[in-house]
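Trainee: I would like to learn how to read the strands and helices of a model like this one. Could you walk me through it?

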Amino acid sequence: MFAFTRFSGDRAGNITIMFALMLSVILLFTGGAVDFSRRNAVRADLIESLDAAGLAIAQLDESGNSEMANLSAAEKDAYLKDYGTKFFHENFSHENDIEDFSLDFVMTEQAIKPVAQGEIKTLFLGIAEDLMNLNNSQFDTLSMAASTEITRRGSGPIELALVLDVTGSMSSSINGTAKIDSLKTAVDAMLDSLYGDDPNATSEFVTTSVVPFAAYVNSGGATYDDGTSAWDSAWGDTTASAYYHGAHFLHVDNSGVIDLNTKVNHFNLFNSISGESWDGCNEERPYPLDEIDVESGTAASDATISSYNQLPEAGITNSVVLNAFSSAPSLKLSTAQLTTVGNSKFVPLFQMEDPDCNNSACEWGSTNKTLNGITYKGNWFHNPSNDGSSGYNNSYIRDRYFTTTSYSANLGKYLPVVKYAEETLKGHNGALPSTTQCSMGTRTDTPLNTWLGARGATECGDDEYILRQAYVGQFDTGTSTYLGKLNQPNTISSSVGPNDNCPAAAIFANSQDKAAIHNYVQALSPGGNTNSAEGMMWGWRVLSPEAPFVSDYAYDDDKWQKAVVLMTDGFNTISSSATPWASEMAPYGYAREERMGAGVNTASEMRDEFDNKLVRICARMKAKGILVYAVTFGLDDADPNELATKKVFQACATDDEAPYYFDAPSGDDLEDAFADIASDLVQLHVSK
């Protein structure tokens, strides 16, 4: 004590000044740490109490409390705010630590925002300020302000895509109810949760799209529910610049010469058929652009292509997901080909017209005839034994219109094409398979040999139907149409044609109108095979901020939650075909073309890749922050394909259990699943 008295009374002053300064610094740092720690503890309690009060207000508001039944809107807000204030003060334990405290609740249709501010008196920082003779009182108190946000139940904001299976199996029944009807009931249950019980309700905080899928998805030219269309040359391949555009067809000029340097534009083909127009289905972009969110009309980057088989995020352990990426097929096209603007665009589906000459009406016999200087006879043409059978189910133009003398004008256009192709194939093969199939000389045309050989034609007279499929007539430059085949009347069946297998219902995009969504879903009808990968990819596209549909909300928008519900009642399917193509036409072309990746050249391999592609698409969507809900309906574990589908859908979902994955054995279970998903989406929650 004596030593300290002497120290403090030293008149020299240096020690005293230094001590005072050091004491100030010590108080500033150690005391400041205490004050800020105390402030943080009070603020944490403040935020927790604000959250609790806001949630209490929201719960009371939706409870149907009788005391609020006859209140005006202003009176109701005042009642709720008073309730929230009392609830806050009952929970906040630091009332005495804050000065000049104020509390308010900002009420909107979408959210409740508790807001509080005040000041907390410091214990040490003020003393340090006095010792340092600052005298401005800025450390006497620390500001205390906080706000939170509680999103009301059902107010979103949610951007939802319903990707729904409308394949032929949805017409079958479970417990006496058609599966398609059970789906419609389930969607209605979801809409009630999202939009409320009013059938005419709208909400600016819930935007819903519906993507029905079968073998294809009808993009509708990206038509919105208000009738406007996003289809234009920015995302549709109007100039036939995409790699696969016109790949199945031969361009023949108006003098009958095959021109492999000119692509057949599918839009010109549609214009060639009277009364026919594009219904809205597309061929998929070249792999891997068919499973990546690349803006239409913008070239993909090298990095995007290079990462096609890489996991989109770390920490994935699901074996189905890991296998889908590790076993991703090699690219069929080069990076240089894939990174073009043209290949980012969509090619309108135009199904080839299958041969139907399986009777003598298309045969010319063995007598030589001459037309336009070309001598011909019937045995120039190979007549496949299965013309008109299961491999050829899309015949919509009678072959006799351009292969018989009865239609000499059309035959005159086709003859030079046949003659040239037959001679080319004979020269390519080197020897005739028989003396009756060819009588023309050898011709060398390597590009045409390659083109025909890639499609299964390897000898003259063999598989001549390939030429019949590829031939669409001679091009008329004045009308930009093809004459001599497609301009003939469809006399076979109105149920087939260039839009074959395209679902009637186009995507219904970005609606906030409950009645409009309900009416659209009620009109859906089943038909066709299952391709859930194609359905999911278009589901992603309606949520994407990139063209063609261009969502208004970015992936990282801190308010809007993007979500997709994928539902199926069966496993992915593609039919094989007794043709050189080896499969029916899919959005990814024919098996022979290997558009799904190098080596994927059978219908069975394509089917397996549908599953893997779906899993990769889902993984990339989840990496973008999209919630993925998956529902399997009426599947049987005893069927290996259906059991495998369940595992694929579990891997696809955000989590392999409810509320993200549901297996619904019955229609009632399906309704419960959709209702539970809606409940999870609109759950009352703290959003800020």
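Mentor: Helices (H or I, at least four residues) and strands (E, at least two) are DSSP runs, numbered from the N terminus. Contact means heavy atoms within 4.5 Å. Axes are lines fitted to C-alpha atoms, for helices over the stretch in contact, and angles run from 0 to 180 degrees between N-to-C directions. With that, helix α18 (residues 667-681) lies across β5, β17, β18 (627-633) and β19, and runs at about 170 degrees to β18.
This is a predicted model, where local features need pLDDT of at least 70, side-chain atom pairs count only at pLDDT 80 or more, and totals for chains, interfaces and linings use all residues. Residues are numbered from 1 along each chain as its sequence is written, and side-chain values use heavy atoms, with hydrogens and water left out.

Trainee: In which order do the strands of the open sheet of 6 strands come?

Mentor: Strands of a sheet pair through backbone hydrogen bonds, either parallel or antiparallel. Here two strands pair if DSSP finds at least two bridges between them. The open sheet of 6 strands has the order β16-β8-β5-β17-β18-β19, with mixed pairing. β16 (508-511) and β19 (661-664) each have a single partner strand, so one side of each is left without a neighbour in the sheet. On average, neighbouring strands of this sheet are turned by 15 degrees against each other, direction ignored.

Trainee: How many bridges link β5 and β17?

Mentor: Strand β5 (residues 158-165) and strand β17 (residues 561-568) are parallel and share 7 bridges. Leu 160 has Ala 563 in β17 as its bridge partner, and Leu 164 has Met 567. β17 is also joined to β18, again in parallel, by 6 bridges; there Thr 568 stands opposite Thr 632.

Trainee: How many residues of β17 are buried?

Mentor: Buried means under 20% relative accessible area, exposed over 50%, and partly exposed in between (1.4 Å probe, protein chains only). In β17, 7 of the 8 residues are buried, so the strand is largely enclosed by the rest of the structure.

Trainee: What is the order of the open sheet of 3 strands?

Mentor: That sheet has the order β9-β14-β15, with mixed pairing. Its edge strands, β9 (250-252) and β15 (481-483), each pair on one side only. Neighbouring strands here are turned by 50 degrees against each other on average, direction ignored. Strand β14 (residues 471-476) pairs with β15 in the antiparallel sense over 3 bridges, and Gln 474 stands opposite Leu 483.

Trainee: Which strand is joined to β1 by 8 bridges?

Mentor: Strand β2 (residues 111-121), which runs antiparallel to strand β1 (residues 98-107). Strand β4 (residues 150-151) pairs with β2 in the antiparallel sense over 2 bridges, with Thr 151 as the partner of Ala 111.
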